[in-house]
Amino acid sequence: MVRFNMVLGKTLCCCVAVPVILAALAALYFSSFSEPEHPTITDGWWGKGEKPEQATDDKAPTPITIKVPDSMLKDFKSRLANTRLFEGLEDTNFEYGFNVDYMKEVIKYWRDTYDWRKQEAELNKFKHYTMKIEGIRVHFMHVKPAEKYSKGQVKPLLLLHGWPGSVYEFYKIIPMLTDPTQHDGSENDVFEVICPSIPGYAWSEAPHKQGFDALDAARIFTKLMDTLGHERYYVQAGDFGTFIATMAARMKPSAIRGVHVNLFPLGTLSAWQGFKIIAGSVFPSLVVKEADQWKVFPLSLEKLKITLREMGYFHLQATKPDTIGFGLTDSPVGLAAYILEKFSTATNIEHIGLPDGGLTKHFTLDELLTNIMIYWWTSSITSSMRFYKEHFISEEVYAWMRLPVKVPAGIACFRLDLGCVPENFVDSVFDNVVQYSDISRGGHFAALEEPALLAADIRQFVRKVEDRTDDTDQNII
């Protein structure tokens with residue numbers, strides 16, 4: 001038995017040592033390669049038909065008001081009243097997806113209590129605009145700070161949402177950014193907020209051509225900021241917005257003073273990162289400090305099972321988004337189930353074991369349903385899901401992702417988010433990390449769930465960047 005254990009021990013050592021050594025050699029080999037060349041920035045046309053010879057982007061925004069016709073509201077109520085449900089399983093919570101018994105409660109509230117006209121008025125408290133860029137209407141909110149703040153203090157901030165969110169995610173955090181002295185900030189923390197809807201989401205027109213990805217969205221948003229007169233600005237993003245934000249930072253670093261994200265945008269994995277993951281699976285303390293090990297290790301079968309369970313939507317949207325789009329565009333309850341299930345588990349993976357998915361632990365039903373209504377009124381769920389397919393099959397996107405982000409960067413890791421990355425792994429994307437924050441609570445939809453914590457982290461990051469800029473300017477003088 002002793003001899004067997006010795007042989008087993010030697011075998012395990014070999015099994016561990018060989019891949020670690022090979023990964024280390026690969027890391028040394030690939031690290032000798034120079035940085036890839038900067039890809040060419042090309043213009044786009046996403047309007048219907050061929051691009052007219054005289055086509056130009058708008059030079060100024062057009063104000064709009066969110067107003068749903070009574071006929072659409074009547075149709076919605078009819079569909080809600082005529083919903084056909086299935087029978088659920090006994091003793092089941094959210095393990096099979098959205099719980100049908102809880103959906104009955106949501107439908108009752110939606111039908112009898114929820115007031116769309118009240119929420120519509122809330123949406124209109126910020127100014128909305130559209131601007132035609134590259135052939136499509138791009139929607140955005142533009143929120144300027146109060147006149148009490150001097151113009152020299154104000155910093156432009158481009159706020160970017162993801163899926164299945166919308167600009168509505170930012171309604172609670174925007175006042176904290178534009179009027180900081182009323183929300184635990186100082187007069188030096190004031191921002192002018194520009195918050196666009198990604199093309200194909202909400203009131204931004206969907207591209208009419210194949211191929212619209214994060215790179216194209218980044219180019220359109222930098223054009224938007226140029227047209228609004230902002231030569232230098234900050235960018236903050238979560239979820240899919242982080243891909244757009246980091247693309248913009250690679251594409252036009254001269255315009256972006258700093259980029260702050262609350263989800264790490266996975267880039268192309270370097271050989272060195274691969275080595276750290278392999279080595280860390282055996283000796284985690286060698287590659288990650290103890291406080292960060294939970295973010296990656298152990299590499300277990302259980303973690304793999306959770307990942308596969310929660311990523312089913314991703315595979316569907318990255319391959320055949322239009323197929324599921326028929327059902328989600330036709331049924332408000334189907335749309336609600338699909339989106340709300342993501343708000344449940346992405347906020348806290350343990351909510352899968354609760355009969356109501358823990359949805360109202362952190363959000364109100366009004367907040368959740370208003371986000372859904374934005375998708376419903378604009379019939380944008382299918383075009384929003386296409387973004388996954390276009391992004392992940394784009395060779396151009398991957399060429400750009402090989403480039404490091406060199407502008408100052410801040411990363412906020414909310415404890416219950418699904419995608420936290422250890423601090424010493426972020427150099428696979430960012431070359432100039434100014435701030436890395438571990439935030440003790442909160443999940444994936446931080447701006448809606450924990451707006452004060454996110455606002456405080458953004459302010460702290462910007463202060464650090466501004467202080468560094470001041471020091472550099474003094475040294476130059």
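The predicted model holds 29 aromatic pairs, a pair being two rings of Phe, Tyr or Trp (its six-membered ring) whose centres lie within 6.5 Å, with planes under 30 degrees apart counted as stacked, over 60 as edge-to-face and the rest as tilted. One of them joins Trp 163 and Tyr 338 in an edge-to-face arrangement, at 5.9 Å centre to centre and 65 degrees between the planes. Because Trp 163 lies in the loop between strand S4 (155-160) and helix H5 (174-178), while Tyr 338 belongs to helix H13 (residues 332-347), the pair ties together parts that are 175 residues apart in sequence. Helices (H or I, at least four residues) and strands (E, at least two) are DSSP runs numbered from the N terminus.

Trp 163 is buried, with a relative accessible area of 2%, and Tyr 338 also counts as buried at 13%; buried means under 20% relative accessible area, exposed over 50% and partly exposed in between (1.4 Å probe, protein chains only).

Two lysines place their charged ends over aromatic rings, as tabulated here. The criterion is that NZ of Lys or CZ of Arg is within 6 Å of the ring centre and within 35 degrees of the ring normal.

| Charged residue | Ring | Distance from ring centre |
|---|---|---|
| Lys 155 | Phe 191 | 5.9 Å |
| Lys 342 | Tyr 338 | 4.5 Å |

The protein chain has 19 helices and 9 strands, and buried residues make up 52% of its 477 residues. Of the contacts (heavy atoms within 4.5 Å) with a separation of 6 or more, 80% are between residues 24 or more positions apart.

Helix H7 (residues 241-251) is largely enclosed by the rest of the structure, because 11 of its 11 residues are buried. Among them are Phe 243, Met 247 and Arg 250. The cover over the buried residues of H7 includes S4, helix H6 (214-227), S6, strand S7 (256-261), helix H16 (381-392) and helix H17 (395-401).

Residues are numbered from 1 along each chain as its sequence is written. Since this is a predicted model, local features need pLDDT of at least 70 and side-chain atom pairs count only at pLDDT 80 or more, whereas totals for chains, interfaces and linings use all residues, and side-chain values use heavy atoms, with hydrogens and water left out.
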